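Hi,

Here is the structure I promised to pass on.

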Amino acid sequence: MKEVLRLLGIVRAYQWWMLLAAVLGFAAIGSGIGLLVSAAYILSKAALHPPLFELHLGIVGVRIFGIARGVLRYLERLVSHNTTFRILSRLRIWFYQSIEPLSPARLLQYRSGDLLQRISGDIDSLENLYSRVIAPPLTALLVSALTWVLLGTFSPLFSLLLFVFHAIAAAGLPLLSAYFSRGTAAGIIAIRREIQSMSIDCIQGLSDLTLFGRVKEHTEKLNRLKAEELRLQRKQAIVQRAHEPVAGLLMNGAVIAFILLLAPARGEIEGVFTAVIIIAVIASFEAFLPLPDAVQHIEADAAAGRRLFELVDTPPAVAAPRHPEPFPANRSVSFENVSFTYPDADTPALKGLSLGIKKGEKVAIVGPSGSGKSTVVNLLLRFWPPDSGLITIGGTDIAKFDPEAIRQHIGVVGQRTYLFSETIRDNLLLSRPDADDNELKKALELAGLETFRDKLDRWVGQHGMSLSGGERQRMAIARMLLQNAPIIVLDEATANLDTLTGQQVMRGLVRYCNEKTLLVITHKLREMEQYDRIIVLNKGKIAEEGPHEELLRQKGFYASMWSLQHNDAAAKLLDG
Ligand code: ADP
Ligand code: MG
């Protein structure tokens with residue numbers, strides 16, 4: 001319940017819209033009651049064969065209420081849908097803005113299907129928040145108040161009696177419904193999330209599942225989940241269908257009670273009004289029909305809200321400073337005694353790492369896989385804060401910069417490139433939305449993708465699947481080039497290219513970085529003399545540091561990596 005209140009707080013801006021819709025809904029039902037009451041009046045009166053003019057009031061009432069009911073119902077639909085969609089878009093924006101700072105460190109813990117379900121499913125299920133949860137009780141209250149007043153003009157006793165029946169309907173029906181359907185709405189949401197996660201995994205990993213012959217197993221599990229969802233939906237439907245008969249029973253109970261009450265009082269109440277009163281009692285129950293539904297929706301909305309808040313309330317791994325410092329012109333980078341352990345990891349990824357890269361310097365970080373190379377980049381981009389130690393750019397702690405500014409000024413080509421299922425042009429424009437086609441073509445050429453020059457409108461397939469691994473990587477390079485950042489970080493940027501192409505692209509990039517600070521991360525040691533300095537990482541620590549020739553002369557870790565990769569060792573073994 002507190003989730004529902006919190007959700008209401010988020011959409012409070014639309015309170016007047018909600019109120020307007022509720023009032024229109026009330027007016028529509030009220031006109032319905034007016035229509036029935038006027039009709040009952042005409043019919044009863046007509047039975048007494050009065051002169052025509054005595055029926056006039058009733059006839060006018062039927063006309064006015066008849067037309068008003070349609071018009072008001074239409075307006076109510078219009079306003080309540082408008083309100084619903086405004087609420088939905090507000091919630092979407094709120095949710096997106098709240099989770100954006102969590103990326104990527106915190107969001108890594110969630111499966112993409114689960115996230116998708118929260119963004120689309122959970123928020124969509126809040127579509128009912130207004131129309132099914134907030135509006136019905138409001139309308140019911142207004143409508144019953146109207147009938148209490150109406151009947152009160154005959155006798156306060158009538159008001160009291162109707163109030164008792166209304167109270168039973170308002171409290172009893174929802175309680176019964178809540179009792180019989182408890183857990184179903186939340187259960188359906190939980191199962192849908194599971195189905196969504198599994199479906200996405202299945203589709204994305206279809207080729208692997210097929211390879212290992214696991215498609216059937218996955219399909220069966222999906223079918224089981226689907227069957228369970230169906231079972232819960234059936235239960236929900238049965239409870240829902242039971243509302244009308246039960247409400248009908250209550251309504252008829254009220255009618256009988258009123259007849260019993262009116263019959264002895266025949267002298268006091270004019271016969272014509274007997275029918276009017278009975279009809280008003282019947283009509284007043286219309287407003288109570290949606291109430292039990294509201295209870296089920298409250299449960300569903302609270303569950304959806306809980307799942308949204310769970311994400312939204314996660315503190316981001318890094319917080320943007322309140323008053324960020326401007327990004328410095330001096331783009332030297334330094335790590336001082338930096339240690340870092342990933343959440344849930346048992347060994348530190350970096351252990352007291354210190355390194356400095358001067359402005360314009362070209363430095364390579366090499367080391368076996370898992371030695372912490374990419375972690376250096378993750379920390380530099382401030383995706384994670386270091387556990388201890390200091391990372392500075394231009395001598396200022398990077399915690400003092402706006403994380404967005406850091407990412408703008410560092411051009412990165414990472415190990416994994418995400419291409420959107422759009423055209424080549426759209427994917428390139430991501431890094432610089434205002435680039436013109438000539439700039440795009442130039443970037444493609446520099447990245448070694450001349451062949452794409454004239455295919456800017458080509459669709460790259462889902463996740464860029466219609467491109468080869470090497471092409472995807474070169475797309476990432478082209479994107480980085482367009483960004484034109486002063487600091488460039490290449491993390492295994494040519495790992496998916498063949499040796500010759502990889503070397504060509506790398507040479508081009510080093511030339512491009514002429515004035516820029518360049519940090520190259522690689523485990524393949526090729527043409528290492530083009531870097532001013534090489535930092536050798538091993539198990540999160542610096543093993544050696546220096547220019548290529550010097551490191552080779554030292555005959556240490558680097559030299560053995562080098563000779564292993566250049567088959568010297570194998571050759572020597574063969575010679576020996
Ligand atoms: P490299 O890039 O040198 O291959 P990484 O910096 O990616 O190595 O990883 C260093 C260590 O941190 C590895 O042991 C790896 O398993 C671990 N690691 C990397 N990313 C994560 C992560 N997101 N969560 C937990 N552990 C991670
Ligand atoms: Mg790596």
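**What turned up inside**

The second largest cavity holds about 30 Å³ of space. A cavity here is a set of points on a 1 Å grid over the protein atoms alone where a 1.4 Å probe fits but cannot get out, and lining residues have an atom within 4 Å of a point. Grid points are joined across faces, edges and corners, and a volume is the space filled by probe spheres set on the points.

Before going on, some housekeeping: this is a predicted model, where local features need pLDDT of at least 70, side-chain atom pairs count only at pLDDT 80 or more, and totals for chains, interfaces and linings use all residues. Residues are numbered from 1 along each chain as its sequence is written, chains are lettered from A and ligands numbered from 1 in the order in which they are written, and side-chain values use heavy atoms, with hydrogens and water left out.

Back to that second largest cavity. Its lining is made of Val333, Ile357, Leu380, Ile487, Ile488, Thr517, Leu518 and Leu519. Strand 7 (487–491) and strand 8 are the elements that give two or more residues to this lining, and strand 8 has the largest share, with three residues. (Strands are DSSP runs of E, at least two residues, and helices are runs of H or I, at least four, numbered from the N terminus.) By class, you get seven nonpolar residues, one polar and no charged ones. Ala, Val, Leu, Ile, Met, Phe, Trp, Tyr, Cys and Pro count as nonpolar, Asp, Glu, Lys and Arg as charged, and the others, Gly among them, as polar.

How many cavities of 30 Å³ or more are there? The count comes to two. The largest cavity has about 170 Å³ of space. Of the 17 residues that line the largest cavity, Thr494, Met506, Thr522, Lys524 and Arg526 lie nearest its centre. Helix 17 (499–512) and strand 8 (517–522) are the elements that give two or more residues to that lining. The lining divides into seven nonpolar, six polar and four charged residues.

Glutamine 503 also sits in helix 17. Glutamine 503 is buried, at 17% relative accessible area (buried means under 20%, exposed over 50%, partly exposed in between, with a 1.4 Å probe and protein chains only). Not counting residues up to four places away in sequence, glutamine 503 touches Arg526 and Glu527; contact means heavy atoms within 4.5 Å.

Next, the metal. Which residues coordinate the magnesium ion (ligand 2)? Ser374 (OG) and Gln415 (OE1) do, at 2.0 to 2.7 Å. Serine 374 lies in helix 12 (residues 373–380) and glutamine 415 in the loop between strand 6 (410–413) and helix 14 (424–429), so the pair ties together parts that are 41 residues apart in sequence. Donors are N, O and S atoms within 2.8 Å of the metal (3.2 Å for Na, K and Ca), and water is not among the atoms, so sites may look incomplete. Serine 374 counts as partly exposed, at 23% relative accessibility, and glutamine 415 is partly exposed too, at 43%.

Leaving aside neighbours within four places in sequence, histidine 409 is in contact with Phe327, Arg331, Ala485, Pro486 and Ile487.

Cheers

Notes. On a 1 Å grid over the protein atoms alone, a cavity is a set of points where a 1.4 Å probe fits but cannot get out, and a pocket is an open set with protein on both sides within 12 Å along at least five of seven lines; lining residues have an atom within 4 Å of a point.
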